[in-house]
Amino acid sequence: MEQLSWAAEDAYLIDEVPLSVRATDAAFLDLVRPYLGPFRVPQPLEGFRRFSANVGEDRTWPGGKVTRGISTLYLGMLRVYRGRYRKEMAGRLLSLVRDMVTDGQNEFFRVRAGAVVVNGGAVLLPAPPGQHLAGLVALLVQGGAGYVADSMAKIDPVLRRVHGTPLPLMVDEEDFSLLRGIESPVVRARRDGRRSVVPPLPVSVEELGGRWADPAPLGWIALVSFRPGEETRLEPAGGADALFGFTEAVLNLHVWQDRALLFARDLLESMPVSRLVVGSLPEAADLLIQTAPSMVGEVTA
Amino acid sequence: MADLSTLWGALRYALRDLHQLAPKRSRDFLSVHAGAVTWNGGAVILPAGMDVGKSSLTAALVERGFGYLSDEVAAIDPMFDRVYPFPKRIWLDDEALAFFPGLGERLEDRRPLTAQVGQRFIRPEDLGGALGTASPVRWIVFPGTDRDGPPRLTPVGRAQAVERIAENAFNLYRYADRGVILLSRIAAEASILEVSGGTPPERAELLVEELAN
């Protein structure tokens with residue numbers, strides 16, 4: 001890797017995590033800067049981790065056909081992406097950056113959940129691992145909710161406010177078509193007709209035409225189940241079923257241990273809890289936007 | 001400065017470093033440099049810097065029936081404001097050990113490696129005590145540096161207490177303003193005193209009387 005010729009390198013510091021991104025083509029850094037720009041620092045800081053992007057060159061054949069060059073992304077010496085789409089590679093990089101930034105933040109109760117703010121109260125959307133949660137959150141943001149988190153929310157144990165991470169939403173490729181004013185990325189089909197697995201792609205709150213929300217007190221928990229094709233609906237939830245569903249989404253249960261269960265039970269008993277069955281993302285977003293004000297009430301800090 | 005010229009000096013340095021690294025690195029507790037014991041379902045924390053007498057006062061309290069949580073770190077749970085055990089062995093030097101007649105002979109802490117150590121490592125059972133369990137903070141007692149005269153207690157204001165605990169926190173920067181709110185919440189629920197004068201056992205006797213009231 002050291003034999004490659006690096007065109008440029010950007011250094012960043014995000015929530016105490018120092019990192020750098022270097023690339024053989026500076027145009028790749030331009031794909032990343034819109035999302036990480038506010039965190040740029042003049043030079044890599046002590047203990048930084050380095051992403052290295054060897055950007056493949058596209059080749060134009062006689063007749064005009066273009067073959068995309070193969071690009072490779074490394075984190076340290078570990079290859080973390082190989083493919084032909086630079087935006088995909090940027091998405092992979094940003095997903096890894098988010099993991100690096102949030103993984104150690106165990107002063108928070110971390111939950112695999114989307115979160116938005118309505119009427120000053122946070123709506124928490126815990127969900128099982130999988131796709132579409134960020135797409136749902138993006139639709140909520142376009143529907144007027146303040147953005148907190150797309151798939152990893154942090155609950156402060158002292159004040160019980162919901163915090164996010166100041167990074168872009170990472171939306172699944174197939175949900176882009178649902179978002180107003182956002183260009184759909186290239187959808188690649190394999191020869192057997194199935195879609196390739198594509199890493200989620202970044203979309204900023206600004207691109208969505210939405211707004212960031214400050215950390216807010218929890219107002220409503222809606223446990224999300226994605227069941228495409230079913231009727232989209234909200235059902236009451238509670239008891240052991242809700243506790244199990246919620247703790248399943250806790251990412252640092254191993255840190256908080258027995259306290260996590262007591263804390264989760266406290267949270268669930270102190271606010272409305274629902275189960276959201278998502279048959280269609282736009283319908284679910286509409287339902288949440290309509291229902292949230294009455295569920296959250298008027299929350300004051 | 002650490003004396004690394006002897007085996008014991010290096011060992012002492014390593015142990016102290018390890019014991020401080022854990023609370024500094026810990027994120028799910030607000031860790032305060034303090035002794036901590038339990039009494040009647042509540043915790044007593046003894047925040048202070050180094051060499052003020054936290055360990056000897058903690059040992060004297062454990063000897064009088066208090067549950068042992070730590071002689072070095074009050075691990076405050078930010079979810080429920082309780083103090084959890086950080087039950088390292090209590091470290092006492094010969095000078096402090098003199099306040100506990102017969103204790104030195106009862107200890108089983110001598111090993112070939114530690115035969116020359118200047119300090120002794122004490123379990124709560126060596127003092128006739130036991131480990132305490134996670135408990136809400138009911139008393140905050142600052143061990144004072146003034147050892148002259150008889151033991152005495154003076155009340156401390158809440159704002160001053162929060163400031164003094166914050167000065168002794170290992171990882172307040174992780175919690176920032178939320179940590180100060182947590183400490184304020186704890187101070188609001190606790191009786192706050194400073195103990196000065198007297199020997200560690202005399203201070204402990206005074207606290208037993210005070211807490212019984």
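The structure is a predicted model. Chain B and chain A bury about 1500 Å² between them, and 5 salt bridges are found across their interface. The largest pocket has a volume of about 650 Å³, and the second largest pocket holds about 540 Å³.

**Interface of chain B and chain A**

- The contact involves 18 residues of chain A and 15 residues of chain B.
- Of the roughly 1500 Å² that the two chains bury between them, 61% lies on carbon and sulfur atoms.
- Polar contact across the interface of chain B and chain A is found for 7 residue pairs, with both residues at pLDDT 80 or more.
- On chain B, the elements β5 (82-84) and α6 (172-188) each give at least two residues to the side that touches chain A.
- The largest share of that side of chain B, 6 residues, is provided by α6(B).
- Sorted by class, the side of chain B that touches chain A consists of 8 nonpolar and 7 charged residues, with no polar residues.

**Salt bridges**

- Over all chains, the whole structure contains 23 salt bridges, and the rule finds 5 across the interface of chain B and chain A.
- A:Glu107 and B:Arg27 are joined through their side chains in a salt bridge, with an N to O distance of 2.9 Å.
- This pair crosses between chains: A:Glu107 lies in the loop between α2 and β9 (109-111) of chain A, and B:Arg27 lies in the loop between α1 and β1 (30-39) of chain B.

**Largest pocket**

- The lining comprises 28 residues, and those nearest the centre of the pocket are B:Asp51, B:Val52, B:Gly53, B:Ser56 and B:Asp93.
- Five elements of chain B each contribute at least two lining residues: α1 (7-25), α2 (54-63), β6 (90-93), α3 (94-97) and α7 (200-212).
- The lining of the largest pocket is made up of 11 charged, 9 polar and 8 nonpolar residues.

**Second largest pocket**

- Two or more lining residues come from each of α2 (86-102) and α3 (133-142) of chain A.
- The largest share of the lining, 5 residues, belongs to α2(A).
- By class, the lining of the second largest pocket has 9 nonpolar, 8 charged and 6 polar residues.

Conventions: Residues are numbered from 1 along each chain as its sequence is written. Chains are lettered from A and ligands numbered from 1 in the order in which they are written. This is a predicted model: local features need pLDDT of at least 70, side-chain atom pairs count only at pLDDT 80 or more; totals for chains, interfaces and linings use all residues. Side-chain values use heavy atoms; hydrogens and water are left out. Contact means heavy atoms within 4.5 Å. Buried area is the accessible area (1.4 Å probe) that two parts lose on being put together, summed over both. A salt bridge is a side-chain nitrogen of Lys or Arg within 4 Å of a carboxyl oxygen of Asp or Glu. A polar contact is a pair of N or O atoms within 3.5 Å; within protein, one must be able to donate a hydrogen and the other to accept it, and residues adjacent in sequence count only if both atoms are side-chain atoms. Helices (H or I, at least four residues) and strands (E, at least two) are DSSP runs, numbered from the N terminus. Ala, Val, Leu, Ile, Met, Phe, Trp, Tyr, Cys and Pro count as nonpolar, Asp, Glu, Lys and Arg as charged, and the others, Gly among them, as polar. On a 1 Å grid over the protein atoms alone, a cavity is a set of points where a 1.4 Å probe fits but cannot get out, and a pocket is an open set with protein on both sides within 12 Å along at least five of seven lines; lining residues have an atom within 4 Å of a point. Grid points are joined across faces, edges and corners, and a volume is the space filled by probe spheres set on the points.
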